[in-house]
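Open the model in your viewer and keep the sequence panel beside it. Each stop below says what to select and what is there.

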Amino acid sequence: MEVKLWNDKREREMYENFAELYAIIKATEKLEKAYVRDIISSSEYETECQKLIAHFKTLAFTLKDTVPSIERFADTYKMDCPAAINRLVTSGVPATVEHRAAAAASATTSAAIVAECVQNFITAMDSLKLNMVAVDQVHPLLSDLSASLNKLGILPPDFEGKMKMKEWISRLSKMGAADELTEQQARQLHFDLESSYNSFMAALPSAGT
């Protein structure tokens, strides 16, 4: 005895779409696992993933009234496909695209911090040239410079500039706000700033900036 799953053409089309959606989710789960295990190349993964995402979006729009929740659909048919749900529903783009976007954002952030460090170096050196040698004038400038250097992840903890600014800040903290650097101290600080700046600029290319 033949058992029909549908009563009319509309129901038949709905179940066929369900089957297609099921297949897309399963295929995406396998593709994600293959990519994570390095079984497939990044370019192959991205091409196939974009196809699956495109098919999924079209089908999900078609089924928006009958399948309002993809997660619920997966639960109903006992589909254990968390990677596919994340890729198709949450992310909507291949992992390779996500990685490129993250790398670009990181590079942009690093470039902004580098610019901030350069500005703080120059401001501190220029201030000394203008004879701004009082502790309450010098201390904030060195604190800003130290903070910007510490934000830049490409610099090692023992980077020359970090160490020297830490030493100077510690020295200034023991002095009164109205105290002034002697000519010798100001000259040494300017030398340390210039030396640290040159080391900083030299470190950038080797760090890939």
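This is a predicted model: local features need pLDDT of at least 70, side-chain atom pairs count only at pLDDT 80 or more; totals for chains, interfaces and linings use all residues.

Residues are numbered from 1 along each chain as its sequence is written, and side-chain values use heavy atoms, with hydrogens and water left out.

**Stop 1: helix 2**

Select residues 42-62, which make up helix 2. Helices here are DSSP runs (H or I, at least four residues), numbered from the N terminus. The expected span of a helix is 1.5 Å times one less than its number of residues. For the 21 residues of helix 2 that gives 30 Å, and the end C-alpha atoms are 30 Å apart, which agrees.

Now colour Tyr 45, Glu 46, Cys 49, Leu 52, Ile 53, Phe 56 and Leu 59, the buried residues of helix 2. Buried means under 20% relative accessible area, exposed over 50%, and partly exposed in between (1.4 Å probe, protein chains only). Look down the axis of helix 2: the buried residues fall within an arc of 165 degrees, so they line one face. The arc is that of the directions from the helix axis to the C-beta atoms. On the face turned away from the buried side, find the exposed residues Ser 43, Thr 58, Phe 61 and Thr 62.

**Stop 2: aromatic pairs**

The structure holds 7 aromatic pairs. Rings of Phe, Tyr and Trp (its six-membered ring) pair if their centres lie within 6.5 Å; planes under 30 degrees apart count as stacked, over 60 as edge-to-face and the rest as tilted.

Select Phe 18 and Tyr 77, an edge-to-face pair with 6.4 Å centre to centre and 65 degrees between the planes. Phe 18 lies in helix 1 and Tyr 77 in the loop between helix 3 and helix 4, so the pair ties together parts 59 residues apart in sequence.

Next select Phe 121 and Tyr 197, an edge-to-face pair at 5.4 Å centre to centre. Phe 121 is in helix 5 and Tyr 197 in helix 8, 76 residues apart. Both Phe 121 and Tyr 197 are buried.

**Stop 3: Ser 146**

Select Ser 146 in helix 6 (residues 135-151). Ser 146 counts as buried because its relative accessibility is 13%. Ser 146 touches Met 165 and Ile 169, not counting residues up to four places away in sequence; contact means heavy atoms within 4.5 Å.

Methods. Helices (H or I, at least four residues) and strands (E, at least two) are DSSP runs, numbered from the N terminus.
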